[in-house]
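Please examine the sequence and the structure shown below. The report that follows describes selected residues and their surroundings.

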Amino acid sequence: MITLTVNGTSHTLDVEPDTPLLYVLRDDLALHGPKFGCGLAQCGSCTVLLDGVAVRSCVTPVSAVGAKKVVTLEGLGTSARPHPMQQAFIDEQAAQCGYCVNGMIMSATALLAKTPNPSDRQIRQALAGNLCRCGTHQRIVAAVKRAATTKGA
Ligand code: FES
Ligand code: FES
């Protein structure tokens, strides 16, 4: 049995310790914000926060989570009350197919927690490991800048 705290709720699950956290989130907890892209820590689409740090859940064994708090896209905000980062992505229309957006939002949220007013360069560096096959990068950077100016408003 593994106990996980996800989006503020504790879950005790009968899963193998080496199961990727991504599989547990999607298959056992029905949290489909984090996406399976490569499964190899190469694309960032599976990104979640572990105690506020952006990690790739596809290569994180569930047994490695321990007491750290997991936050997924669903834990940031809701459709009715989106997180400022989610609202900024909507306002900037920063998605085409949308597959990368989970990872972009989670990585950008971790960035702003540490660096509230990042430069374009810092945003690009923070998101460099998150791949977008649609070429939406300009709008994504604009969304992160917008979130930096509106968060807490
Ligand atoms: S699915 Fe995890 S990095 Fe690609
Ligand atoms: S919007 Fe399609 S992968 Fe980024």
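Cys132 is buried, at a relative accessible area of 12%, where buried means under 20% relative accessible area, exposed over 50%, and partly exposed in between (1.4 Å probe, protein chains only). Cys58 is likewise buried, at 9%. A search of the whole structure returns zero disulfides, a disulfide being defined as a pair of cysteine sulfur atoms within 2.5 Å.

This is a predicted model: local features need pLDDT of at least 70, side-chain atom pairs count only at pLDDT 80 or more, and totals for chains, interfaces and linings use all residues. Residues are numbered from 1 along each chain as its sequence is written, chains are lettered from A and ligands numbered from 1 in the order in which they are written, and side-chain values use heavy atoms, with hydrogens and water left out.

The domain assignment gives domain 1 (2-74) and domain 2 (84-148) for the protein chain; such bounds come from an automatic or database domain assignment. Taken over C-alpha atoms, the centres of domain 1 and domain 2 are separated by 20 Å. The contact between them takes 19 residues from domain 1 and twelve residues from domain 2, with contact meaning heavy atoms within 4.5 Å.

The relative accessibilities of several residues are collected here.

| Residue | Relative accessibility | Class |
|---|---|---|
| Thr47 | 2% | buried |
| Leu112 | 7% | buried |
| Phe36 | 36% | partly exposed |
| Tyr23 | 37% | partly exposed |

Thr47 belongs to strand β3 (residues 47-50); helices (H or I, at least four residues) and strands (E, at least two) are DSSP runs, numbered from the N terminus. The side chain of Thr47 reaches the backbone oxygen of Gly44 at 2.6 Å. Leaving aside residues up to four places away in sequence, Thr47 touches Ala54, Val55, Arg56, Asn102, Gly103, Met106, Ser107 and Asn130.

The largest nonpolar core has 25 residues, and Met85, Phe89 and Val144 have the most contacts inside it. A nonpolar core is a set of buried Ala, Val, Leu, Ile, Met, Phe, Trp, Tyr and Cys residues joined through side-chain atoms within 4.5 Å. Two or more residues of this core come from each of α2 (73-76), α3 (84-91), α4 (101-114) and α6 (137-150), and α4 gives the largest share, eight residues. A second, separate core of 16 residues includes Ile2, Leu4, Leu13 and Val55. In soluble globular proteins, nonpolar side chains tend to be buried together.

Phe89 touches Ala94, Val101, Met104, Ile105, Ile140, Ala143 and Val144, residues up to four places away in sequence not being counted. Leu112 is placed in helix α4. From C-alpha to C-alpha, Leu112 and Val144 are 8.5 Å apart in space, although 32 residues apart in sequence.

Helix α1 has Leu21, Leu22, Val24 and Leu25 as its buried residues. These buried residues pack against β1 (2-6), β2 (9-13), β3 and β5 (69-71). Ala30, which follows α1, has a positive phi near 55°.

The structure holds one aromatic pair. Tyr23 and Phe36 form this pair, which is tilted, at 6.5 Å centre to centre and 40° between the planes. Rings of Phe, Tyr and Trp (its six-membered ring) pair if their centres lie within 6.5 Å; planes under 30 degrees apart count as stacked, over 60 as edge-to-face and the rest as tilted. Because Tyr23 lies in helix α1 (residues 21-28) and Phe36 in the loop between α1 and β3, the pair ties together parts that are 13 residues apart in sequence.

Terms used:
Polar contact = N/O pair within 3.5 Å; in protein donor to acceptor, adjacent residues only side chain to side chain.
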